[in-house]
Amino acid sequence: MNYTICLLPGDGIGPEIMAQAVRVLNVVGQKFGHTFTYTEALAGGCAIDAVGDPLPEATLAACKASDAVLLGAVGGPKWDNLPRHQRAETGLLKLRKELNCFANFRPATLFPQLASASYLRPDIVSKGLDVLVVRELTGCVYFGQPKGIVEENGERMGFNTMRYTESEVRRIAKVGFEAARKRGKRLCSVDKANVLDVSQLWRDVVMEVHKDYPDVELTHMYVDNAAMQLVRDPSQFDVIVTGNLFGDILSDAAAAITGSIGMLPSASVGESGPGIYEPIHGSAPDIAGQDKANPLATILSVAMMLRFALNLEAEAAAIEGAVSAVLDQGLRTGDIYQSAPSDTSGLTLVGCTAMGDAVVAALQ
Ligand code: NAD
């Protein structure tokens with residue numbers, strides 16, 4: 001089969017990690033008999049520099065014409081103080097909206113080889129850390145109108161609107177139930193229904209959708225408790241489904257407890273059309289251009305892309321197996337070397353390219 005992948009390397013470490021991900025994808029192509037055709041486009045700070053727009057029309061067109069979008073990372077201090085419409089993040093929000101990617105999959109999984117990287121106590125980690133956060137991505141307080149900063153009673157007042165329509169909740173709830181069905185069959189819906197009307201609607205609709213998924217166990221949790229439970233005992237969760245704001249915070253908390261930001265992939269998908277596959281970390285300007293970045297989150301994002309966008313399960317599993325194999329060999333980029341136990345015998349500190357080499361070799 002022939003697939004078209006739109007590559008958006010972006011800024012900072014983006015181009016370095018993307019280069020390794022493409023090498024891995026090419027090897028998968030050779031091994032399994034697929035052809036990947038790449039279109040590379042500008043997004044983020046590099047696009048602002050080139051054409052004054054973090055998401056140029058040409059980039060959007062290339063994304064829409066592809067089977068899937070693979071993104072490195074965007075942004076950096078150089079562009080942080082531009083007006084909001086020119087910020088790198090604004091381009092990313094627009095891309096998600098334009099591709100109608102309303103569902104964000106954020107797996108927080110800890111490779112057993114990296115158990116010591118977790119910030120949690122060993123007795124908690126030993127119970128397992130494998131949570132999938134499904135975050136609604138195109139609604140909620142980030143997009144709700146009205147919003148703004150106005151003068152009121154002689155002072156400034158800022159406000160945003162948290163809103164969800166029934167259909168928006170229904171479609172993300174379905175995604176959550178479907179995901180739970182393919183995993184441990186447990187879905188926890190996180191809201192703030194004790195205080196917020198929008199959350200009450202959320203809960204009501206999730207319960208309605210549950211009628212179509214009797215094989216999945218549904219629980220509800222308030223967001224404040226969910227934040228606490230994620231840290232206290234993440235093994236109680238299988239899949240969490242939640243709105244955009246709560247998901248933003250909880251998915252980062254779930255990622256942080258693994259202690260390995262350079263290891264975590266993500267996917268943002270819609271009902272049809274190309275999805276966006278990207279590591280959860282940013283452009284890491286502090287280590288950009290030094291061959292220090294961990295490419296594994298991006299390589300694991302390629303695995304998610306093969307599985308979700310192209311339905312290539314064996315190919316995805318081969319990549320995940322290769323990543324596990326290089327960890328077994330003791331290879332570590334700086335970010336996961338530092339969090340190793342004080343005894344680092346058996347571990348080898350490698351750079352971004354060498355880590356890519358090792359994954360390619362393990363695949364071959
Ligand atoms: P960051 O994720 O870029 O970096 C946080 C820390 O983690 C840094 O010390 C960095 O060196 C390290 N790190 C991150 N990824 C790594 C990797 N693959 N290998 C090794 N170490 C890694 O977060 P930040 O510093 O808050 O943000 C930097 C820039 O990235 C900002 O401009 C921010 O807006 C942007 N950002 C972009 C995205 C995205 O493109 N989706 C996401 C988050 C932040």
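Select Asn100 to begin: sitting just after helix 4, Asn100 has a positive phi of about 55°. Keep in mind as you go that this is a predicted model.

**Helix 4.** Step back to residues 88–98 and colour Ala88, Gly91, Leu92, Leu95 and Arg96, the buried residues of helix 4. Now look down the helix axis: these buried residues fall within an arc of 135°, so they line one face of the helix.

**Strand 1.** From that set, pick strand 1. Seven of its nine residues are buried, so strand 1 is largely enclosed by the rest of the structure.

**The largest nonpolar core.** Next, select Ile5, Phe105 and Leu306. Of the 91 residues in the largest nonpolar core, these three touch the most other members. Helix 10 (residues 296–308) gives the most to this core, with eight residues. The core draws at least three residues from each of domain 1 (1–99 + 273–364) and domain 2 (105–270). Apart from it lies another core of 16 residues, including Leu8, Leu71, Leu92 and Leu99.

**Around Phe105.** What does Phe105 touch, not counting residues up to four places away in sequence? Among its contacts are Leu132, Val134, Val175, Ala179, Met304 and Phe308.

**Strand 5.** Move on to strand 5 (130–136). Six of its seven residues are buried, so strand 5 too is largely enclosed by the rest of the structure. Strand 5 pairs with strand 4 in the antiparallel sense over seven bridges, and with strand 10 in parallel through four bridges. Centre on Leu132: this residue is the bridge partner of Pro107 and stands opposite Val239 in strand 10.

**Helix 6.** Finish at residues 166–182. At 1.5 Å a residue, the 17 residues of helix 6 should span 24 Å, and its end C-alpha atoms are 25 Å apart, which agrees. Its buried residues include Glu168, Arg171, Val175, Phe177 and Ala179. The buried residues of helix 6 pack against strands 4, 5, 8, 9 and 10, and against helix 7 (197–210).

Technical notes. Residues are numbered from 1 along each chain as its sequence is written. This is a predicted model: local features need pLDDT of at least 70, side-chain atom pairs count only at pLDDT 80 or more; totals for chains, interfaces and linings use all residues. Side-chain values use heavy atoms; hydrogens and water are left out. Buried means under 20% relative accessible area, exposed over 50%, partly exposed in between (1.4 Å probe, protein chains only). Helices (H or I, at least four residues) and strands (E, at least two) are DSSP runs, numbered from the N terminus. The arc is that of the directions from the helix axis to the C-beta atoms. The expected span of a helix is 1.5 Å times one less than its number of residues. Contact means heavy atoms within 4.5 Å. A nonpolar core is a set of buried Ala, Val, Leu, Ile, Met, Phe, Trp, Tyr and Cys residues joined through side-chain atoms within 4.5 Å. Domain bounds come from an automatic or database domain assignment. Two strands pair if DSSP finds at least two bridges between them.
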